[in-house]
Structures are given as structure tokens and as C-alpha cells.
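I opened the notebook to record what I looked up in this structure.

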Amino acid sequence: MTALQVKHTQLSLAECLADLAVEVLIDEADLSPKPGLVDRRGNGAHDDLHLGLMHSSALSLWPAFKEMAEAACEHGEVNQALRETLGRIGREGEVEMLRVTGGVNTHRGAIWALGLLCAAAALDDQALDAGQVTLRAARIAMLDDRALPVTTESHGQQVCRTFGLPGAREQAQLGFPAIIQHGLPQLLRSRSERAGEQNARLDALLAIMSQLTDTCVLYRAGLSGLDCMQGGARAVIEAGGCVSLEGRRLLRDLDNDMLRLRASPGGAADLLAATLFLDRLAPALHAPIGSV
Ligand SMILES: CC(C)(COP(=O)(O)OP(=O)(O)OC[C@H]1O[C@@H](n2cnc3c(N)ncnc32)[C@H](O[C@H]2O[C@H](COP(=O)(O)OP(=O)(O)OP(=O)(O)O)[C@@H](O)[C@H]2O)[C@@H]1O)[C@@H](O)C(=O)NCCC(=O)NCCS
Ligand SMILES: Nc1ncnc2[nH]cnc12
């Protein structure tokens, strides 16, 4: 038996899912050049973030993702008790993230999206198609977390109320349309056009940015910032994506615009990580022994 076989046979379903969630967060952080976001080149539109912190934050979330998947296995169905258990684990994960980053919000949206997807995948590991998993995640997200502490309004709540637009909560409740209708199809399309894996991931991010009402961008740069993000991302895709010369030029322009506006599409970045999670889910869990 090889070392790889040992690894595969020893990991539980919840551990495999937590491994995958952390892996896609690290891949998202490393992907470069991303407009306005932390990547291998630098801090993007952030004064308080850097790549090392994104990595530490991602690694700190492994126990939370594992516990969320285990909770789903134990409950065995979508119900109120599961929703509230996930909420408690998610809040504990946020506390650990803030401890590791010294108080910087690196992955709040990712805990939400990937936590729901880990739980949804664990509920039925024989139905791992992206549509099936996001539907189960949406059914969990539709349930109210009655244990949610009453705190001051989050940035997301503030801008959703001000502009009357949907945020992270609604994205999940609708079954992650930004992933299912935009991110994942673009990832597959760019791959099939032989754009190269890094360009295909960048194109998937841009496809998400071209549609998403990202509350991080709305909070920092208002509606004009959101228009700039969506229009700029659409222009890159329409020019032929990141593999094309014109697409690359427009990507650089978009990055400059986002930096000038101090706007960082953190919500879109989380949804790219979630896109990569769904893309790898079935192969990661069903790989024949010895092939992982
Ligand atoms: C339901 C919750 C998601 C809370 O949502 P809400 O909108 O009320 O709260 P926010 O604190 O604003 O967090 C939402 C985060 O989701 C990401 N996001 C933004 N827009 C969207 C969207 N349209 N669709 C999906 N996801 C979206 C985003 O996260 C990323 O950005 C963060 C960094 O942002 P940044 O602007 O740099 O940092 P801030 O400190 O906020 O502001 P500045 O001062 O710097 O400007 C980073 O976290 C990325 O991950 C939003 O931040 C859910 O979180 C919740 O209820 N949690 C409670 C516990 C729970 O149930 N957990 C999950 C169990 S499965
Ligand atoms: N790469 C990144 N840069 C800034 N904020 C983020 N939130 C999630 N991923 C991010």
C-alpha cells in the first residue's frame, strides 16, 4: 500500500470535505492577478491583509468545516436543529479566524458559503452534482437561525437595506446563482477553449464579478463602484477573457479602477472558492483508492 492509499482510506468524509474547503481557499488567495484582491502580487485594495494572513486564516477554518460536515452526517437531513448547529459552529469559526488574523475579517463570507456547501455535500455523498449540492445548501440557508445574537448591523445588512439589493444570505438562499449560472459554466468554457487553468479560474472570477451585488464593494464604493466592477469584469470576458491580449489589458484597467476606489470584491472571491469546491467535489470524494 502506498502513502497516498493510506491517506485516502484514513480520512473521514468530513475530513475530506474540510481538506477540500481549505484547499480551494488557498487556491483562490494564490490566484493572480485578481482585481482589487489580495494575491501573489500584493495586498490589493487592503491595508490590513496580505497573502500569508489569507493562508493562515484558511488553515484555521479546517476544524469548523469538518465539524459542519460532521453535524450534517449526524442530523442526516435538512432541519432546524442542523441549521442552528451550523450557525453556532460558523460563529465559533469566525472567532477563531479573528484570533488568528488579529481581528481582520478575512473569510466571513467563505465560512458561510463553504460551510453550507460542506454540510450539503455531507448530507448525501451520492448526489454531488453542483445543482444538487447547492439546492440542499439553499434549503439549509432558508431556515432562520434563532440563536443568532442580536448585534449591530453588519456591513452587508447596512448596504442591502440602503440599496435594496441582495447580499450573501440571499445568494445562498437562491442556490448560489452566481456560481451555477456564471462561475462554473465560465470555468468549464474557458478550460474547453484551452485558456489554461489559471486563466480559466480568473475568467470564472470575472464572470461572477460581472453579475454579483458584492456587499464589500457596495460598502466601500457605493453603486458607482459596483457598476465599475460589473462593467469592467464583463468587458474582459467580452474581449475574449484573460487569455487574450485585449482581455489582459482590460483586466489591468479594472485592477487600477478597483485600487483607486479602494474596492475589494471579497464576496466574489469567496464564490470563486466555492465554484472550485463544487468543480472538484465528486472527483475528490469518489476518486478510486490510490488515485488521490
Ligand atoms: C449570513 C452571513 C453571510 C452574514 O451576512 P451579512 O451580509 O449580514 O454580513 P457581512 O458581515 O457583511 O458578511 C457577508 C460576507 O459575505 C461576502 N459577500 C459579500 N457580498 C456577497 C454576495 N453578494 N454573495 C456572497 N457573498 C458575499 C463577504 O465576505 C468576503 O469579504 C470579506 C472581506 O470584506 P472587507 O470589505 O474587506 O471587510 P470588512 O471588515 O467587512 O469591511 P471593511 O471595513 O474592510 O470595508 C471577507 O470576509 C470575505 O469572506 C462579506 O463580508 C453569515 O456570515 C452569518 O450569518 N454568519 C453567522 C454564523 C453562521 O451562520 N455561519 C455560517 C454557518 S454555515
Ligand atoms: N483574495 C482576497 N482578497 C481580499 N479579500 C478576500 N476575501 C476572500 N478572498 C479575498
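**Entry 1: Two spots in the backbone**

I started with Phe176, which I found in the loop between H9 and helix H10 (177-192). I keep in mind that this is a predicted model. I looked up the phi of Phe176 and got a value near 55°, which is positive in a residue other than glycine. I noted the background too: most residues other than glycine have a negative phi, and most peptide bonds are trans.

Next I checked a peptide bond. Ser32 and Pro33 are joined by a cis peptide bond, with omega at about -5°. I placed Pro33 in the loop between H2 and helix H3 (51-60).

**Entry 2: The whole chain**

How many helices and how many strands are there in the protein chain? I read off 14 helices and zero strands. From the N terminus on, I wrote the order as α-α-α-α-α-α-α-α-α-α-α-α-α-α.

**Entry 3: Around ligand 1**

I listed 35 residues around ligand 1. Gly90, Gly109, Gly156, Gly266 and Gly267 come nearest. Which helix gives the largest share of this shell? It is H6, with seven residues. I found that helix H5 (80-101), helix H6 (108-123), helix H8 (155-163), helix H9 (168-173), helix H12 (215-238) and H14 each supply at least two residues of the shell. I sorted the shell around ligand 1 by class: ten nonpolar, 18 polar and seven charged residues.

**Entry 4: Around ligand 2**

I then turned to ligand 2, which 13 residues surround. The closest are Ala29, Leu37, Val38, Gly266 and Ala269. The elements that give two or more residues to this shell are helix H2 (13-30) and helix H14 (266-286). H14 provides the largest share, three residues. By class I got six nonpolar, five polar and two charged residues in the shell around ligand 2.

I moved on to helix pairs. Two packed helices are described by the angle between their axes and the distance between the axes. I looked up both for each pair.

The axes of H6 and H14 come within 8 Å and cross at roughly 20°. An angle under 35 degrees counts as roughly parallel, so I noted H6 and H14 as roughly parallel to each other. Their crossing is right-handed. On the H6 side I listed Gly109, Ala110, Ala113, Leu114, Leu117 and Ala121. They meet Gly266, Gly267, Asp270, Leu271, Ala273, Ala274, Phe277, Leu278 and Leu281 in H14. The residues of this contact divide into eleven nonpolar, three polar and one charged.

**Entry 5: H11 and H14**

At what angle do the axes of helix H11 (residues 197-209) and H14 cross? I got roughly 130°, with the axes coming within 9 Å. H11 and H14 are therefore oblique to each other. I recorded the crossing as right-handed. Arg201, Ala204, Leu205, Ile208 and Met209 make the contact from H11, and Ala268, Leu271, Leu272 and Thr275 make it from H14. I counted seven nonpolar residues, one polar and one charged in the contact of H11 with H14.

**Entry 6: H2 and H4**

My last pair was H2 and helix H4 (residues 62-75), whose axes come within 8 Å and cross at roughly 140°. That angle makes H2 oblique to H4. The crossing of H2 and H4 is right-handed. From H2 I wrote down Leu13, Ala14, Glu15, Leu17, Ala18, Ala21 and Val22. They meet Trp62, Phe65, Lys66, Ala69, Glu70 and Cys73 in H4. This contact has ten nonpolar, no polar and three charged residues.

How values were computed:
Residues are numbered from 1 along each chain as its sequence is written. Chains are lettered from A and ligands numbered from 1 in the order in which they are written. This is a predicted model: local features need pLDDT of at least 70, side-chain atom pairs count only at pLDDT 80 or more; totals for chains, interfaces and linings use all residues. A residue is near a molecule or strand if its C-beta atom, placed from the backbone, lies within 6 Å of it. Helices (H or I, at least four residues) and strands (E, at least two) are DSSP runs, numbered from the N terminus. Ala, Val, Leu, Ile, Met, Phe, Trp, Tyr, Cys and Pro count as nonpolar, Asp, Glu, Lys and Arg as charged, and the others, Gly among them, as polar. Axes are lines fitted to C-alpha atoms, for helices over the stretch in contact, and angles run from 0 to 180 degrees between N-to-C directions. Angles under 35 degrees count as roughly parallel, over 145 as roughly antiparallel, 65 to 115 as roughly perpendicular and the rest as oblique. A crossing is left-handed if the near helix is turned anticlockwise from the far one by less than a right angle, and right-handed if clockwise. Two residues are in contact if their C-beta atoms, placed from the backbone, lie within 7 Å.
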